[in-house]
Amino acid sequence: LATSSVMLVPSQPAQAAVTGADVLSKLDSLAVRFPDQTYKATMEIYKGGNLRTTMVFSMQMKNLEKQFIHFTAPGDVAGMKILMEDRDTIYMYSPEFQKVRRVAAHMQNQGFLGSEFTAEDMVMTKLSPGFDAELVGKQGSETQLNLKPKAGTTSSFSKLELFIDATVGGVTRIRYFDGANNLVRTQTRESWTKFEDSQIPTKIRMKNEKTGDETVINLTGIDVKTAVPDDLFSRRTLMRG
C-alpha cells in the first residue's frame, strides 16, 4: 500500500507524450519503493449498515509478490494464516483442521471470511503485469486510468477504473466492473498519513455496489525498515504455532 507523493503525471507540455502504461508502471514502481513491509490491521465487516464483526491480523510483505497474513482475533478465526508465495500461488492454514490447502484459482474471487475482499485482491498488488492501461484524462488534481485484462490473463473483471490524486501521490479509488460491464465494487483509500517522504493510506474501504455492504481495513504499526525474512513465505511457516 506504500505510495509516494511524487507526481505521477507530468504537466504540459510533456503530458502529451505520457501513456496509460507509463502511469501504471510508475504506480507499481512506487508501490514497491519499500520492499519489506509489516503492519497490524483490523478488518471491520458491515452488513446492512451494521458492524457484524471485527477481525484482527498482522501482515508481512516482500516486494508485494510475497505476503503472509496471521489472524489473531476473534476466537473463531484466531490462528488462521494465509500465504501468497507468488502471484499464482495462495495457501490457507486452518487451525481447526490443522491443514494447509491451496486456494483454487476459481475460488479466488469469492468474498473472504464474509468480507468484501477476495484472494484475487492479494494478487492485484501490482497491476501492470496483468492489465493494459488507457489514460482517460485529468480533472483538477485527479487523473483517471482505465484498465483492461491483457490477452491470456485470467480476471474476474472486464475493466478497472483507477483514480490517482496528485495531492497524495497515489490511487484513492478503484472501481471494478464484471464481465457484463456492471459496476460491482468500489475501493477507496483514505486517511493518508505522512511516512518518511511518502503518504500512505491507512484506511481501505471495499464496498459491494450490489448489496451496499462494506468492509473497512484500518492499518497501524506500519514498519518499512525491518527486513522481512525470505523463509517466512513457506508452507512450513503456516504449520507453526
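Author: Start with lysine 81, which sits in strand β5 (residues 81-86). Strands here are DSSP runs of E with at least two residues, helices are runs of H or I with at least four, and both are numbered from the N terminus. The model is predicted: local features need pLDDT of at least 70 and side-chain atom pairs pLDDT 80 or more, while totals for chains, interfaces and linings use all residues. Residues are numbered from 1 along each chain as its sequence is written, and side-chain values use heavy atoms, without hydrogens and water.

Lysine 81 is buried but has no salt bridge. Buried means under 20% relative accessible area, exposed over 50%, and partly exposed in between, with a 1.4 Å probe and protein chains only. A salt bridge needs a side-chain nitrogen of Lys or Arg within 4 Å of a carboxyl oxygen of Asp or Glu. Lys and Arg count as positive, Asp and Glu as negative; His and the chain ends are not counted. For lysine 81, the nearest side chain of opposite charge is aspartate 231, 13 Å away. The lysine 81 side chain instead reaches the backbone oxygen of leucine 238, at 3.4 Å.

Step back to the loop between β4 and β5, where proline 74 lies. The peptide bond from alanine 73 to proline 74 is cis, with omega near 0°.

β4 (residues 66-73) runs antiparallel to β3, joined by seven bridges. Strands pair if DSSP finds at least two bridges between them. Glutamine 60 has phenylalanine 68 in β4 as its bridge partner. The β3 and β4 hairpin has three residues between the strands. Asparagine 63 lies in that loop. Its phi is positive, about 55°, although asparagine 63 is not a glycine. Asparagine 63 is partly exposed because its relative accessibility is 37%.

Threonine 42 stands opposite valine 56 in β3. The β2 and β3 hairpin has two residues between the strands, and glycine 48 in the turn has a positive phi of about 60°.

Now the interior. In soluble globular proteins, nonpolar side chains tend to be buried together. The largest nonpolar core here has 45 residues, and Phe71, Leu160 and Leu162 have the most contacts inside it. Such a core is a set of buried Ala, Val, Leu, Ile, Met, Phe, Trp, Tyr and Cys residues joined through side-chain atoms within 4.5 Å. A second, separate core of eight residues includes Tyr91, Tyr93, Val228 and Leu232.

Contact means heavy atoms within 4.5 Å.Glutamine 144 lies in strand β9 (residues 142-149). Glutamine 144 is buried because its relative accessible area is 18%. Its side chain makes a polar contact with the side chain of asparagine 146 at 2.9 Å. A polar contact is a pair of N or O atoms within 3.5 Å; within protein, one must be able to donate a hydrogen and the other to accept it, and residues adjacent in sequence count only if both atoms are side-chain atoms.
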